[in-house]
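I have opened my notebook beside the model. Here is what I looked up, entry by entry.

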Amino acid sequence: MAVLQMQRISICAMKKNRKAILEELQSLGVLEIDAAELDLELKTMDTMNARLIFEKNASLCDQAIEILDEFSKEKQSMLASLAGKPLIGRKQEEEAIRDQEEILRTAREIQGYRKKLTENSAAAVKLEQQEAALAPWLKLDIPMNFGGTAKAAVLVGSIDGNITLDQVYSQLAADAPQLEAFDIREISNDAGKLSLVVVCLKAQAQELEEALRMQGFARPAQLVSEVPAQELENLKNEVVRIQEESEQIREQIRALHDRKSSLQLLSDYFRIRAQKYEVLGQLRQSESTFFVTGYLPKKQVSAMEKRLTEKYDIVFEAEDAEGENVPVALQNGKFGAAGEGVLAAFGLPGKGEIDPSTIMTACYVFLFGLMLSDAAYGLIVFAVCLGVLLKFPRMESGMQKSIRLFMYCGLSTLFWGVMFGGYFGDFIDVFSKVYLHRPVTVKPVWFAPLDDPMKLLLFSLLFGLIHLFGGLALKGYMCLKKGDAKSFICDVLSWFMLITGLVLMLMPTELFASIAQMQFNFPGWLKNTSYGLAIVGAAIIVLMSGRDHKNPVLRLALGLYDIYNLTGWLSDLLSYSRLLALGLATGVIAQVINQMGSMAGDGIFGAIVFIIVFIVGHLFNLAINMLGAYVHTCRLQYVEFFGKFYEGGGNPFRPFRENTKYVDIVSGTETQK
């Protein structure tokens, strides 16, 4: 476990080599460029417009790819995302760059197709709304915009509300008794809407319409020039035409699916260019030179200096990086690296802190297995994770580390399951008794927690104490590494002495005996030693916790307050009782599932019921308890373990590299799909 030593490098080179050097640095992908203020007289280059053009082109390709995926008939499996990005050779990249104008035209063509589909969809919705508006008028045998004859007028409209034709006539007689030469025909009366066509003298048309408006009469929003039935047929034909056209467009989009790889490559090319121009705009430069500053792992400084100085005339300087803003990069073996994601979720090591990844991963795996603690579940988790790792060797680094961590957790679960005798709970006992009629019992190597929960509680607290002491020991290691012996004695050793003394004092008591179901009788010298450890440890804490203050009263008060932290130790220790709770929960739920499955008996029907209940129930139990083990194990690391020595807060190392979205570009000419 190690935090890589960083060095701050400074490069000064001729401006004519700026593009080539930046591309070299980007392809290497090991330098985090820091836009430091070197000299106020040095200037920066405005690259915003060029960068926006590259980002716009990358976005255009991205949108085209999304459209192709939307209409593609190829369905990706759920695990396809684990396969990693395809490997693309430089030759394929150069071909895409050469054909970029054609590829961009294809992207615009695909976007045009998508726009047309959107317009067709909106047009189809509008036509359907028009069809719905025509529904009440289908019995009308004249066009809705028919204006009448030389002497007669035709009014087409509707009245909202539960009203009948007779009521309309009656109301007209009351409102306009002078009107007589008119005829009203009911076209439809549906959903509280009376649709009418009125024929009257042209001279009385305006007066009659005003009288009808007093009853709520209104003309249709759209007066079609065809008979409604014929107009409806026209609308339906237009909808069919639009649907056929849309399907042809979809086929044209699918026909362009083979251009997807070119679009992906070009999108990543523009993305890389945009990243380069973003950095280029941050660099300080004079009329003939430019400067690059940043952070680089110390072990890679020599190789980079040699590579750059062999190709270009540059000035290369490196010095040890110091300060709060130095980025953090971790270097661990496969086991320790598996827990880096859990550590990063809390925070990378801050200034002066060690990388606890390996120790934390070991504790994480140990405690996770203790919580899940079923051999069959552990074997399933291990086999699934191992299979995924073997099948997808190029998956994304963070995902690979997480799956590797759960593979180790599966082994730990398998170990604790064998120790506690859990194989799908008590599946072997139930199956042999119900279906074989010959009870078979696999005894635990250690003990069965469901038969002796207090024993598991005792060992859970013991493992918790070891875990907490481990965190305190790491704090002591960091103090000694800094050469701070006083802090080691006053802040670490004193607490070891106090807690150890109190534990040794507790063990011979009747309270502890009632919990542990065992009696400890210590010799007199050990009892006196426990008293001495507790007293000396407490005295050091009281007298030295406030050692930075000159006021003796304040120092004593701070020391007494620090002793109060014993309650925090007790709280932390009791948190490990969750090991008991989660371990028992897995076993109890598994037993209930087995009992439920066996209730139907040993016939064919009973066997079918048992298989269904067994599969569904144990999958649920595995999923819910894996989630619980993950959450609570993280909590024990973050709160109890890290709380003793670790603060985090480091800035992650983000080197300037070719951050692609779709492909990984490698040296060579072969393409791996």
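**Entry 1: a nonpolar patch**

I started with Ile615 and found its place in helix H23, residues 604–641. Helices here are DSSP runs of H or I with at least four residues, strands are runs of E with at least two, and both are numbered from the N terminus. I noted that this is a predicted model, where local features need pLDDT of at least 70 and side-chain atom pairs count only at pLDDT 80 or more, while totals for chains, interfaces and linings use all residues. Residues are numbered from 1 along each chain as its sequence is written, and side-chain values use heavy atoms, leaving out hydrogens and water.

(Buried means under 20% relative accessible area, exposed over 50%, and partly exposed in between, with a 1.4 Å probe and protein chains only.)

Ile615 also belongs to a nonpolar surface patch of about 720 Å², together with Ile604, Ile608, Ile611, Ile612, Val616 and Leu619. For a patch, residues need over 30% relative accessible area and no salt bridge; like charges are joined within 9 Å, and nonpolar side chains (Val, Leu, Ile, Met, Phe, Trp, Tyr) within 5 Å. The areas come from the Shrake-Rupley method with a 1.4 Å probe, and for residues only the protein chains shown count as cover.

**Entry 2: a hairpin**

Next I followed strand S6 (residues 182–190) into strand S7 (residues 193–201); the two run antiparallel and are joined by eight bridges. (Strands pair if DSSP finds at least two bridges between them.) Asp190 stands opposite Lys193 in S7. Two residues lie between the strands of this hairpin, and Ala191 takes a positive phi near 55° there.

**Entry 3: a glycine in a loop**

Where is Gly147? I found Gly147 in the loop between helix H4 (100–134) and strand S5 (152–160). Leaving aside neighbours within four places in sequence, Gly147 is in contact (heavy atoms within 4.5 Å) with Ala152, Ala153, Val154 and Lys202. I checked Lys202 again: Gly147 and Lys202 are 55 residues apart in sequence, and their C-alpha atoms are 9.9 Å apart in space.

**Entry 4: cysteines**

A disulfide is a covalent bond between the sulfur atoms of two cysteines. How many disulfides does a search of the whole structure find? I wrote down zero, with the cut-off being a pair of cysteine sulfur atoms within 2.5 Å. I looked at two cysteines anyway: Cys200 is buried because its relative accessible area is 4%, whereas Cys12 counts as partly exposed at 21%.

**Entry 5: salt bridges**

Side chains of opposite charge can pair when their charged atoms come close. I counted 27 salt bridges in the structure, each with a side-chain nitrogen of Lys or Arg within 4 Å of a carboxyl oxygen of Asp or Glu.

One of them joins Asp99 to Arg98, with the closest N and O atoms 3.4 Å apart. Arg98 is exposed at 62% relative accessibility, and Asp99 is partly exposed at 28%.

In helix H7 (residues 228–255), Arg241 and Glu238 lie three residues apart, about one turn of the helix. Their side chains form a salt bridge at 2.8 Å, N to O. Arg241 also bridges to Glu245 at 3.8 Å; that pair is four residues apart in H7, again about one turn. I ended with Glu247, Arg250, Glu251 and Arg254, which salt bridges with shared partners join into one network.
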